[in-house]
There are 2 protein chains.
Amino acid sequence: MSKVAKVAKVAKPARARATPAPKPKAAPRARRPAGRRDTFHHGDLRRALVGAALDLVAEGQGETFTLREAARRVGVNHRAVYHHFADKRSLLAAAVIEGWRGQLDEIRAELAKQPADQPTHERLLAIGRAYVRYALARPAHYRAMFGARLNADGRFTDLEAVLAEATSLVATEIKRGVERGELPAGTDVLQATMTLWASVHGVSDLLIEGRIQARPGRALTYAERLLRAVVVGLTAG
Amino acid sequence: MSKVAKVAKVAKPARARATPAPKPKAAPRARRPAGRRDTFHHGDLRRALVGAALDLVAEGQGETFTLREAARRVGVNHRAVYHHFADKRSLLAAAVIEGWRGQLDEIRAELAKQPADQPTHERLLAIGRAYVRYALARPAHYRAMFGARLNADGRFTDLEAVLAEATSLVATEIKRGVERGELPAGTDVLQATMTLWASVHGVSDLLIEGRIQARPGRALTYAERLLRAVVVGLTAG
DNA sequence: ACCTGAACACCGTTCAAGT
DNA sequence: ACCTGAACACCGTTCAAGT
């Protein structure tokens with residue numbers, strides 16, 4: 001007990017966030033939390049670490065969460081992390097990939113709810129709404145999804161894969177719009193896709209950073225207005 | 001010499017960037033660089049530290065540059081920083097404020113170059129172009145300008161002041177557009193301003209992160225297309 | 001195969017002087 | 001008034017075992 005008490009007493013240095021953060025930390029770090037197995041069989045520790053990283057990111061630490069704390073949360077020595085991830089960036093990347101996957105799932109679910117034969121601009125708005133809603137629901141996570149330049153080196157091909165999937169989902173809608181005559185015949189599909197992405201990302205980021213000050217319930221309305229302007233712009237060619 | 005040699009020999013830990021970065025570091029840290037005064041008179045050290053922070057940020061460290069290295073660059077003990085800045089965030093904030101001021105200056109310069117009686121949508125495009133050009137010219141700095149949630153606590157009122165100035169510059173143009181009948185009478189000025197900001201920020205960020213892959217010379221064209229779509233959307237109401 | 005312990009070279013920040 | 005030195009509680013990562 002002495003070790004834990006000492007740690008708790010000391011004033012937290014700057015690296016810690018101002019937000020209290022529930023910190024379960026039910027057991028002293030030397031002993032393993034009750035009810036948790038003594039060794040993880042393959043895959044479980046990896047998953048547990050990603051889960052801990054996701055929690056830490058979401059609690060507001062963003063990409064600055066520490067590898068050592070993630071290990072502490074699941075009750076293993078920090079060195080154990082290196083058996084599953086090459087370095088901290090890889091652990092972050094795994095958490096970030098989960099984020100993109102979740103967002104893609106929500107977009108798909110939203111599209112599935114649209115009535116059949118919905119005009120393209122309504123479908124694009126639905127996609128955008130789902131995107132922004134997801135981002136606003138997990139601000140710290142969303143920022144991590146963009147930060148840390150995880151694509152700078154060629155590593156993390158899984159990350160690129162989810163993003164490619166999301167991109168092609170939008171591209172498909174745009175192609176459909178052109179085919180149905182709802183978007184100009186000469187539309188550059190890739191460019192239109194990126195224009196939409198830039199728009200939803202821009203509003204999301206400004207809202208998250210508090211640069212656009214919108215009352216909680218109005219944030220999505222804000223995003224929707226921007227989206228409408230962009231879609232109208234695309235439609236006008 | 002022994003100290004410096006030892007430091008140089010050791011493998012750089014993860015915190016350091018992969019990019020080589022020119023690192024002048026002309027003198028061993030204990031001795032002051034030749035030709036630099038032994039003590040700074042008031043204001044100079046502050047300015048020198050902000051300069052060093054700006055350089056470190058621009059060299060790719062972003063907001064993860066270290067206070068200790070900034071101090072080393074100007075040849076003072078890292079503790080000296082605390083005489084001019086409350087903490088690392090304050091030093092970062094000072095660097096970030098310089099960034100926004102620079103961007104605002106470039107936007108003003110660009111507007112000054114516009115022919116008199118230019119239609120509003122052309123003026124808005126000029127503003128947007130200058131904004132994106134600035135962001136793309138200093139990617140790491142631009143990301144730092146948005147990162148770190150420097151506005152989260154109420155500190156750094158100077159930062160809020162520059163941003164308010166930039167916002168009102170755009171708002172003025174939009175009002176002018178409404179008055180001249182170039183934008184719909186019912187236009188929500190604040191909302192239109194934020195819509196434009198979100199657009200230019202969105203493209204800038206995606207371009208910087210390499211999510212939009214544009215050949216170097218084409219990046220601005222990309223941004224311009226998005227901007228045009230948004231302006232058209234705003235004009236259509 | 002999977003995990004741990006000790007060590008290393010860093011951090012940001014505080015306390016207590018030095019000139 | 002302005003700067004320094006030593007110390008503290010952290011980091012991420014490496015080396016070398018332990019079971």
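Begin by selecting Arg211(B) and Glu160(A), whose side chains meet in a salt bridge at 2.9 Å, N to O (a side-chain nitrogen of Lys or Arg within 4 Å of a carboxyl oxygen of Asp or Glu). The model is predicted: local features need pLDDT of at least 70 and side-chain atom pairs count only at pLDDT 80 or more, while totals for chains, interfaces and linings use all residues. Residues are numbered from 1 along each chain as its sequence is written, chains are lettered from A and ligands numbered from 1 in the order in which they are written, and side-chain values use heavy atoms, with hydrogens and water left out.

Between chain A and chain B the count is two salt bridges. Next, display the whole interface: 36 residues of chain A are in contact with 36 residues of chain B (heavy atoms within 4.5 Å). The two chains bury about 3,200 Å² between them, 54% of it on carbon and sulfur atoms (accessible area, 1.4 Å probe, lost on being put together, summed over both). Within chain A, highlight Arg149(A), Gln191(A) and Arg211(A), which lose the most area to chain B, together 22% of what that side buries.

Now select domain 1 (38-85) and domain 2 (96-236) of chain A, whose bounds come from an automatic or database domain assignment. Their C-alpha centres lie 30 Å apart. The contact takes seven residues from domain 1 and six residues from domain 2. These domains bury about 470 Å² between them, 78% of it on carbon and sulfur atoms. Finally, select Leu54(A), Val57(A) and Glu63(A), which in domain 1 lose the most area to domain 2, together 76% of what that side buries.
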